[in-house]
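Here are some notes from my pass through the model, as numbered points. Have the structure open while you read.

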Amino acid sequence: MRRAPVAEAPVSGWPAPAPGAAPIARMILAQAALEARTLLRNGEQLLLTLIIPVLLLTAFSLDDLVKVGSGQQSRVDFLVPGVLALAVLSTAFTSQAIATGFERRYGVLKRLGSTPLSRGGLIGAKTVTVIAVEAAQAVILLGVGLALGWRPHAGAAAAAWVVLLVLAGTAAFSGLALLLAGTLRAEATLALANLVYLVLLGIGGIIFPLAKFPAAARPVLTLLPSGALSDGLHAVLQHAAGLPARDLAVLVVWAAVGIALAARLFRWE
Amino acid sequence: MSDTPAVEICDLVKRYGHTAAVDGLSLRARRGAVTAVLGPNGAGKTTTIEICEGYRRAGAGSVSVLGLDPVSDARALRPRVGVMLQSGGIPPAVRPGEYLAVLARFHAHPLDPAWLLDRLGLSGSARTPVRRLSGGQQQRVSLAAAVIGRPELVFLDEPTSGLDPQARHATWDLIAGLRAAGASVILTTHHMEEAERLADHVAIVDHGRLVAEGTPAELTGTAGQVRFRAEPGLDVEALLAALPVDSAAKESPAGHYLVEVHDRVDPRLVAAVTAWCAEHGVLAQELRIESRTLEDVFLELTGRELRS
């Protein structure tokens with residue numbers, strides 16, 4: 001990255017005004033790097049985005065705690081796609097909602113509104129941060145999965161479908177995260193984002209296979225963003241399926257609705 | 001271009017429900033000058049500044065900043081205008097050094113963050129999370145954030161409230177430096193000394209309206225006064241009769257006497273006061289000759305009762 005030119009200023013005098021905005025890409029990367037650094041320093045956020053998914057993957061693979069499969073092989077093959085979905089849920093939804101809610105409360109969003117970084121640029125920076133964190137989560141979780149004996153049963157284009165599902169899931173969860181953060185008090189956002197995380201962890205096909213739920217409940221559960229994301233990832237990575245069109249469509253609809261509502265209702269201060 | 005004022009406000013009105021926070025305010029701030037907006041709490045200062053910053057829309061009237069509209073031209077204005085909010089706005093977990101480095105990367109020709117931190121006495125705190133800094137230190141980080149992009153116009157909402165004398169002087173030096181370099185500064189303050197010392201132009205605002213404006217010297221005028229202490233209950237009317245016409249005299253509080261004239265205090269006035277005292281066997285103590293301060297003018301115009 002090229003460094004911004006810095007003014008030469010004599011200690012006694014003050015440099016003359018020289019206003020000007022930086023290129024938008026430089027602003028977005030600088031803001032995204034700051035948000036990522038802040039997130040890495042925050043213990044609760046790390047617990048949510050990294051430690052819990054790794055613990056769940058390890059513990060449930062090593063022992064048949066929830067009857068997801070007959071041996072460690074089938075257990076880890078079920079769990080890896082699920083915890084990938086959990087990683088997206090934790091970063092794009094819970095972590096982003098809480099961070100943005102408190103930024104709004106502390107006037108950080110208001111203050112940023114008077115800098116050259118536009119609102120679109122700020123959303124861009126948040127997206128870059130979320131995707132970078134998800135990439136790091138994926139590397140760690142897939143590494144742990146491989147160490148536990150995970151072998152994907154995947155078709156040729158699986159990587160492309162996984163990326164597509166993850167991006168659509170990220171858009172869906174981000175829209176909902178910003179909807180919460182931009183309309184509720186920071187404390188309410190914190191409580192609700194954690195509650196939704198727990199509920200979706202339970203009914204999202206992440207730890208408990210959706211096949212274990214009553215037949216009547218299953219179509220409804222796969223209409224939720226977490227259910228659609230984990231169902232799609234299981235199809236691609238566990239059952240070597242092609243593009244899971246229905247799951248992808250569900251995520252795209254959630255993304256469209258969530259982002260549209262957030263854009264309409266978000267209050268910056 | 002530089003003939004356009006830094007800020008021009010005409011008949012601005014902003015209502016919240018039935019109360020008018022700003023009620024027909026007109027104000028003009030010159031380029032390259034420091035303009036201080038003075039007023040009691042709730043006078044409408046912050047609302048006015050935030051309309052200029054584009055955070056709120058004007059209810060009625062017009063606001064022009066560097067000749068542009070603060071809301072519809074926000075994109076063009078943001079790089080040119082520096083903003084210091086009255087409170088908050090800095091993420092509590094970041095460190096001043098990294099925060100200013102990020103803001104510097106938003107601008108084409110920023111100041112060096114390390115140099116700026118040093119100028120504001122914050123070098124030692126560059127790596128301390130903002131939430132662990134004192135209120136005064138946080139205030140200075142906020143000020144640094146407002147000027148790091150080398151803006152041509154800076155809005156400072158109560159920049160020195162809660163600062164200790166050293167930090168206040170560092171802030172005043174910075175504002176004087178900005179002005180000397182050719183930037184325009186609009187600041188709100190309760191601090192009369194601040195306005196008297198820094199401002200080229202002072203606007204006194206109350207109940208959402210402009211009540212007086214001018215240079216500090218114009219506002220305080222040439223009026224002078226003589227104060228002295230003596231036994232309570234002197235005959236003020238009799239004293240007044242012995243003084244030049246157009247003088248005023250009062251006892252407030254008991255035992256403290258004030259003689260005011262429209263012009264400078266001259267030797268004859270002092271002679272008249274002391275002669276009257278001698279005649280009546282009154283020993284005038286702590287006799288002082290003063291000119292009016294901005295604070296006198298401010299209290300005269302906005303009243304002495306407490307505001308919540």
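**Notes on the two chains**

1. Starting with strand S7 of chain B, both faces are covered: B:Ser184, B:Ile186 and B:Thr188 are buried on one side, and B:Val185, B:Leu187 and B:Thr189 are buried on the other. That makes six of six residues buried in S7(B), which spans 184-189. Buried here means 20 or more other C-beta atoms within 10 Å of the residue's own, exposed means 12 or fewer, and partly exposed is in between, with C-beta atoms placed from the backbone. Helices (H or I, at least four residues) and strands (E, at least two) are DSSP runs numbered from the N terminus.

2. Before going on, a word on the ground rules. This is a predicted model, where local features need pLDDT of at least 70 and side-chain atom pairs count only at pLDDT 80 or more, while totals for chains, interfaces and linings use all residues. Residues are numbered from 1 along each chain as its sequence is written, and chains are lettered from A and ligands numbered from 1 in the order in which they are written.

3. Which strands pair with S7(B)? Strand S3 (34-38) of chain B runs parallel to S7(B), with five bridges, and B:Val34 sits opposite B:Val185. Strand S6 (153-157) of chain B is also parallel to S7(B), again over five bridges; there B:Leu156 has B:Leu187 as its bridge partner. Pairing requires at least two DSSP bridges between the strands.

4. S6(B), H6(B) and S7(B) form a right-handed β-α-β unit. Right-handed means that, with the strands pointing away from the viewer, the path from the first strand over the helix to the second runs clockwise.

5. In total, 38 residues of chain B contact 34 of chain A, where contact means C-beta atoms, placed from the backbone, within 7 Å. H3(B) gives the most to that side of chain B, four residues.

6. Over in chain A, have a look at helix H2 (43-62): a kink of about 35° lies at A:Ile51, shortly before A:Pro53. The bend is the angle between axes fitted to the seven residues ending at a residue and the seven starting there. A:Pro53 is among the buried residues of H2(A), as are A:Leu48 and A:Phe60. Helices H1 (24-41), H3 (72-105) and H5 (119-147) of chain A are included in what covers the buried residues of H2(A).

7. Two residues of chain B deserve a check for backbone angles. B:Leu66, in the loop between S4(B) and H2(B), has a positive phi near 50° without being a glycine; B:Leu66 is buried because 22 other C-beta atoms lie within 10 Å. B:Glu286 in strand S13 of chain B also has a positive phi, about 50°, but B:Glu286 counts as exposed because there are 9 other C-beta atoms within 10 Å.

8. One more for the backbone list: the peptide bond joining B:Ser252 and B:Pro253 is cis, with omega about -10°. B:Pro253 lies in the loop between S11(B) and S12(B).

Definitions and conventions:
Contact = placed C-beta atoms within 7 Å.
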